[in-house]
Amino acid sequence: MSASQAAVSAIDLEQRSKRDARAERLFRWLLKGCALLVLASLLGAAGATLWGGREAFSTFGWHFLVSTAWDPGNDVYGALVPVYGTVMTSLIALVIAVPISFGIALYLSEVAPAWLRTPVASAIELLAGIPSIIYGMWGLFIFAPFFADHIKPWLTSNLGNKPDDGKLSWIAQHVPFIGKLFGSDYPFGASILVAGIVLAIMIIPFISSVMREVFQTVPTRLKESAYALGSSTWEVSWDIVLPYTRSAVIGGVFLGLGRALGETMAVTFVLGNAMTLSASLLDPGTSIASTIANQFSEASGLQKSSLMALAFLLFVVTFIVLLIARLMLRRLASKEGR
Amino acid sequence: MLTSRKSSIRFAAVAALAVTSTFGVAAQATDITGAGSSFVYPVMSKWSAAYAEKTGNHLNYQSVGSGAGIAQIKEGTIDFGASDAPMKPEDLKQYGLGQFPIVVGGIVPVVNIAGVQADQIKLDGTTLADIFLGKITNWNDPKIAALNAGLTLPAGKITVVHRSDGSGTSFNFTNYLSKVNADWAAKVKFGTAVEWPTGVGGKGNEGVSQYVKQIKGSIGYVEYAYAVKNSIPWIDLKNATGNVVAPNAAAFAAAASTADWASAKDFNLIMTNAPGAQAWPITATTWMIMYKSPKNAANSKVAFDFFKWALESGQQDAAALDYVPLPPALVSRIEAYWASEYKH
């Protein structure tokens, strides 16, 4: 009785292990499939845009990268203005968003009383979930007019090289480039700076929630030791928390940057959509994503191909940015001797 | 594609039968699909609702842009395409397509100058083009003053607002500017999108309206309905005969009836700068594009019935949306075109 029972359970066991092995193989394939799917769609999208843009690349060659023309009437296209707009708005967004996000995350993880942390953290997550078109509408209807009436006049008359009263301010005369950056005689809000500010508001939730998460992983004993040695909150943050989480923080920053580079609708509303290259941050410009969104539906022939080529360039720009992020991380890691 | 279309018809037929048996409605419902111009989208949706109520046939119109509409009808994925720019007769012939206008609308220059009301400023085409070229940059420019005796405009920088997206509105507007200003014709040319020499771009009629309302000293162009709806002051224009006309339904209709349709093969005629004495110079239409021998004859027949109904009974709905009914002479010309070019 017991012998036959043992035999049965042995067979059971053997069958089970076979079944397990099969399931294991299947599971592994499934996982591989998931990973390959991402890779395939990435390569597919990059390849398709490159293929779609081949006519533009072969017609204009490297001139496509440095030309400021975008002239459907004469069928001449160049990518410099949209690429500049994309990079510049994203840069402004980062310059504003990173310090603010750092402050939010530090406050929530180090300073805020416990009862406040959860509500504020979930408010930030809610902010991340707002569709970008809503930021665009807010930017166009409320922020851009406010900026034009209250902030822009101050900037142009105190920093710019084209003040309303014609008198150059001391700063504009003595600090190089600043006059050009803030000089503008366009009387309205939508501009590269406004687009950068709206983008900053959009990416703050991403960056700050990543930062908050990683700040919470810093071991309490490290912080407590520093406090015990008499460190201030700032010293603990800057010398303990930040170095401990540096690579994850940079990862979060680049997550936000990635979103800023590809953002379409909000930027289309507040960037002014002008195909002109201007040094001024207060002048309108255009970005890669908004140019595509604006023109794709009515484009044909060489214009469509040029839009595809622009899409490919957005891939390239994003890829370069991620590459820089990787290199920075590697250098940091080697510096820390890890 | 064909089989799925068939099955959708069969489904529609079954649905219609079910409706017939329960409610005793006699019509057999068919779904027809069109795509293209966003210029006609408002009137299309109004028409399709009224037509469905009358016949039980549903019209599904997607406002995806004229270029996409033409691409889709060439691929045969829809029953009709709609475009703000006419196709050339040789292209039509190559694909076995025909085209005809369906409704007329006006495009008006709008301004935002303190104290200036609608119809106060008068311009001619050349001056308008010079403003959009960035050659005239101030509202107190002598060229503007010369056209506006008795009206003193304040000194103020002109900001040009144009469409940022490719659109039929831009197509007709730039077409007009290139007809009346040699410089514009040589440098900028015309199209659904052009390289604007100056100014900022708003997305859609809404975007341009919004920018013009926000920017003091700005000038833009929108479809007439948007100017009326947002009460943005428009300007009057000197037309081809030298008369100053105000934009309104009568002036758009005058342009449609005086345009030279008789010598335009396949209605390949852009109506801007029409020769009539009372004609508004920036009047536009949208063309419906259909196969002469369609793959799906049943759907095509319904589409023709729909267009016939739209031309004959639907024009009041169009007028309610600030479009203009086609003049009777043009309607009979279109019906003659159907009889001679299409087999159904």
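**Close-up 1. Helices α13(A) and α14(A) are roughly antiparallel to each other (angles over 145 degrees count as such).** Their axes, lines fitted to C-alpha atoms over the stretch in contact, with angles from 0 to 180 degrees between N-to-C directions, come within 9 Å and cross at roughly 150°. Helices (H or I, at least four residues) and strands (E, at least two) are DSSP runs, numbered from the N terminus. Among the residues making the contact are A:I288 and A:I292 of α13(A) and A:L307 and A:L310 of α14(A); two residues are in contact if their C-beta atoms, placed from the backbone, lie within 7 Å. The residues of this contact divide into eight nonpolar, three polar and no charged.

A note on the model: it is predicted, so local features need pLDDT of at least 70 and side-chain atom pairs pLDDT 80 or more, while totals for chains, interfaces and linings use all residues. Residues are numbered from 1 along each chain as its sequence is written, with chains lettered from A and ligands numbered from 1 in the order written.

**Close-up 2. Here chain A meets chain B, with 26 residues of chain A in contact with 28 of chain B.** On the chain A side, β1 (70-71), α6 (132-158), α12 (265-270) and α13 (288-295) each give two or more residues.

**Close-up 3. Three strands of chain B form an open sheet of mixed pairing, in the order β5-β9-β10.** Strands pair if DSSP finds at least two bridges between them. At the edges lie β5 (122-124) and β10 (244-245) of chain B, each pairing on one side only. Strand β9 (236-238) of chain B pairs with β10(B) in the antiparallel sense over two bridges, and B:K238 has B:V244 as its bridge partner in β10(B).

Notes. Angles under 35 degrees count as roughly parallel, over 145 as roughly antiparallel, 65 to 115 as roughly perpendicular and the rest as oblique. Ala, Val, Leu, Ile, Met, Phe, Trp, Tyr, Cys and Pro count as nonpolar, Asp, Glu, Lys and Arg as charged, and the others, Gly among them, as polar.
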